[in-house]
Amino acid sequence: MLPYACDLTPEISYSNFPLLKKEQQEFIARICSLILREDPENFPTPEPRGHFVLTLVNDCLDNEQRAEFSQGFEAFQQLFSTANEGAFQELEPEELQRHILENIEEQETEVGIFLNHLKTYSLLHFETSENYMKNYLNFEFMPGRYYGKVPV
Amino acid sequence: MSGGWAAKEFTEQGFKTLLLERGPNVEHLKDYPTTNMQPWEFKHRGRLTAKEIEDNPVASRCYAFREDAKHFFVKDKEHPYEQVKPFDWIRGYQVGGKSIMWARQVQRWSPYDFDGPARDGFAVDWPIRYKDLADWYTYVEGFVGVSGNKDGLDSLPDGDFLKPWESNVVEEYFSQQVKKNYSDRHVIYGRCAHLTESRPVFIEQGRGLCMSRRICQRGCPLGGYFNANSTLIPWALKTGNLTLKPNSVVHSVLYDETEQKAIGVRVIDSITKESQDYFAKMIFLNAATLNTNLILLNSKSNRFPNGLGNDNGLLGKYIAFHNYRATISAEYEGFPDYTLEGAKPTTHYVPRFRNLYKQETDFLRGYAAGFEAFPLRETLREGIGNDLKSQLLHTKETGIWGVGSHMMGETLPKESNQVSLDSEKTDEWGIPLLRIDVDYDDNDEKMIQDFYEQFSEMYSKAGFSNIVTNDNGRRPGNDIHEMGGVRMGKDPKTSLLNAWNQMHECKNVFVTDGACMTSTSTQNPSLTFMAITARAANYAIQQLKKDLI
């Protein structure tokens with residue numbers, strides 16, 4: 001008799017990252033949220049932050065950038081094992097935040113590149129939210145007017 | 001859109017007309033799938049995917065080939081061509097063509113443009129002058145709807161304008177400064193094909209006023225800007241005289257040696273690949289400049305072994321375009337207490353001033369330029385977490401204005417800038433691929449340097465700071481203003497078309513799209529294509545009525 005198991009949990013697969021496991025996706029979403037916290041109540045978006053960022057990483061990075069992203073992600077996870085902090089799923093938010101802060105300014109390193117891709121797309125997600133565009137960037141879909149001499 | 005104009009003129013005057021389009025139909029309102037999508041509703045927030053860029057190195061260099069409008073552009077892999085030298089051939093294969101995604105700038109050409117080749121000794125003399133086209137410009141503008149000011153400039157004649165949008169403080173300031181510092185230079189409102197007021201003809205077309213959405217490339221549900229789909233095609237269909245046949249790739253024009261005229265066209269169904277011949281008394285070729293060249297080159301017969309009407313061997317030669325490589329940007333701190341509200345779909349415009357009245361530089365001809373001014377916004381994005389979010393929420397205008405201009409340079413038509421048919425490679429429909437051999441020359445390089453010098457000076461005199469010039473490296477073709485190859489002229493030995501756009505050697509074939517252009521001027525050419533088409537079509541109609549063709 002062969003042992004078997006069926007996992008019926010729905011899971012999103014990203015075509016260019018077929019080996020990215022659900023817990024890794026969730027971990028990336030956590031990182032994104034620490035870089036720029038999601039605020040669905042005040043800044044709702046059509047999709048969750050993690051899914052948006054992974055979609056952009058999957059679709060908009062070219063082969064070389066995707067390889068860099070994967071290497072950076074791998075290296076970022078290695079930081080915890082070398083620091084004897086256990087699996088990344090178990091990291092406390094403060095610890096994870098500390099690792100992000102320590103590495104995100106190093107834009108030439110593998111980890112820095114990885115984190116900055118996440119930051120770039122997290123910013124894009126936030127800055128294209130309806131509330132931000134309308135109330136902070138004065139976006140109007142159909143302004144129907146143009147005034148060129150408006151006193152501040 | 002010139003094909004739409006020909007269809008309108010013929011059908012309005014009672015002629016049964018067949019309008020062939022190689023791509024699918026695009027019906028106004030029905031086939032604008034992204035027109036009402038908000039920015040946050042796009043999966044990639046407007047960006048292209050890496051695969052789309054990799055698959056479309058040419059199309060993706062076009063500013064409008066983005067997530068919201070990419071479906072209106074030809075994909076590189078589906079419609080290959082041969083680049084002898086780098087050339088971005090930007091195309092829109094659908095009913096309405098590129099009129100859906102065009103930039104909508106509609107400046108008339110001036111007497112100096114039609115006089116140019118004869119005065120300055122390049123190309124050949126135009127067989128027409130501005131006065132021959134002036135009334136047709138007015139005719140076309142009345143149907144299109146052009147927002148503009150009457151500026152009273154002989155370098156950019158006024159037209160039948162709808163009211164303009166307001167100028168902003170810096171646009172007005174720069175305009176005044178240029179007027180003060182130069183007697184021969186002007187900064188005016190860029191005339192654009194947008195409805196700013198209503199007229200009975202626009203109501204009859206079913207079009208509403210422009211609401212400044214500035215996403216015109218998606219197609220406008222209001223009909224606020226002019227495209228063939230919202231105006232010309234339905235107008236022609238309404239007469240009951242138009243048969244519109246999409247998915248019809250014109251292979252060649254059929255020539256009858258006994259009758260010594262064209263008798264129709266061979267068409268390949270783009271989907272079934274079946275070939276069928278259609279017959280007509282008269283043919284207007286408006287496939288957009290380079291495809292019109294391709295069709296004529298591929299129209300071979302015993303009488304015309306090198307392409308229809310090509311006795312002089314000049315078909316496909318003297319291609320020219322607009323040089324859009326040079327830009328300049330700067331900042332201005334003069335109006336910190338002012339900002340903008342709303343939006344408008346045009347910028348300001350600096351008509352050509354170089355070599356206008358006489359030759360004054362070591363290069364021929366000149367350039368026009370855009371001018372725009374906008375309040376600069378500062379958004380810091382340092383760090384992560386709450387600090388980062390706080391910075392985003394404190395985004396603000398700085399009180400400093402950004403300004404910028406881009407050059408629109410006239411290039412000189414040369415025999416060496418040409419297109420031809422590949423002798424071996426064919427497309428999916430068995431039609432030879434077009435080989436494009438077009439490049440910049442020294443005249444263009446000198447013009448770029450002059451633009452940098454002149455605009456740096458104009459900007460400096462206006463008190464602008466942080467002036468930066470840039471060569472954006474745009475390839476020929478990326479301006480999407482390619483013209484020529486089937487040029488008009490007075491002499492059949494040196495041109496293909498006469499003063500009525502009629503082929504010298506095949507009188508019932510007319511070419512009225514960009515292929516007919518003898519030189520390129522600096523102004524956006526679409527309005528001139530439309531005016532030339534309306535003029536030629538009405539001439540052809542008179543000839544038909546008199547049974548002279």
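Predicted model: local features only at pLDDT ≥ 70, side-chain atom pairs only at ≥ 80, totals over all residues.
**The interface**

The size of an interface is often given as the accessible area lost when the parts come together. Chain B and chain A bury about 4,200 Å² between them, and 61% of this area lies on carbon and sulfur atoms. On the side of chain B, the residues that lose the most area to chain A are B:Trp40, B:Arg45 and B:Ile384, which together account for 19% of what that side buries. Counted by residues, the contact draws 49 from chain A and 48 from chain B.

Polar interactions also cross this interface, where 22 residue pairs are found in polar contact, with both residues of a pair at pLDDT 80 or more. Several elements of chain B, namely α2 (50-55), α5 (169-181), β14 (338-342) and α9 (385-393), each supply at least two residues of the side that touches chain A. Of what makes up this side, α9(B) gives the most, with 6 residues. The table sorts the residues of the side of chain B that touches chain A by their class.

| Class of residue | Number on the side of chain B that touches chain A |
|---|---|
| nonpolar | 17 residues |
| polar | 15 residues |

In one of them, the side chain of B:Glu341 meets that of A:Arg145, with a distance of 3.1 Å from N to O.

**Strands that pair across the chains**

Strands of a sheet pair through backbone hydrogen bonds, either parallel or antiparallel. Such pairing links the two chains here, as strand β1 of chain A, which covers residues 146-151, is joined to β14(B) by 4 bridges, and the two strands run antiparallel. Within this pairing, A:Tyr147 has B:Glu341 in β14(B) as its bridge partner, and B:Glu341 is also the residue whose side chain forms the salt bridge with A:Arg145.

**A sheet within chain B**

Chain B also holds an open sheet of 3 strands, which follow one another in the order β7-β8-β9 with antiparallel pairing. Why is one side of β7 and of β9 left without a neighbour in the sheet? Both β7 (248-256) and β9 (275-279) of chain B stand at the edges and have a single partner strand each, so one side of each remains without a neighbour there. On average, and with direction ignored, neighbouring strands of this sheet are turned by 30° against each other.

The pairing of β8(B), residues 261-269, with β9(B) is antiparallel and consists of 5 bridges. For B:Arg266, the bridge partner in β9(B) is B:Asp277.

Methods. Residues numbered from 1 in each chain as written. Chains lettered and ligands numbered in written order. Heavy atoms only, no water. Contact = heavy atoms within 4.5 Å. Buried area = accessible area lost by both parts, 1.4 Å probe. Salt bridge = Lys/Arg side-chain N within 4 Å of Asp/Glu carboxyl O. Polar contact = N/O pair within 3.5 Å; in protein donor to acceptor, adjacent residues only side chain to side chain. Nonpolar A, V, L, I, M, F, W, Y, C, P; charged D, E, K, R; others polar. Pairing = 2+ DSSP bridges. Axes fitted to C-alpha atoms, helices over the stretch in contact; angles between N-to-C directions.
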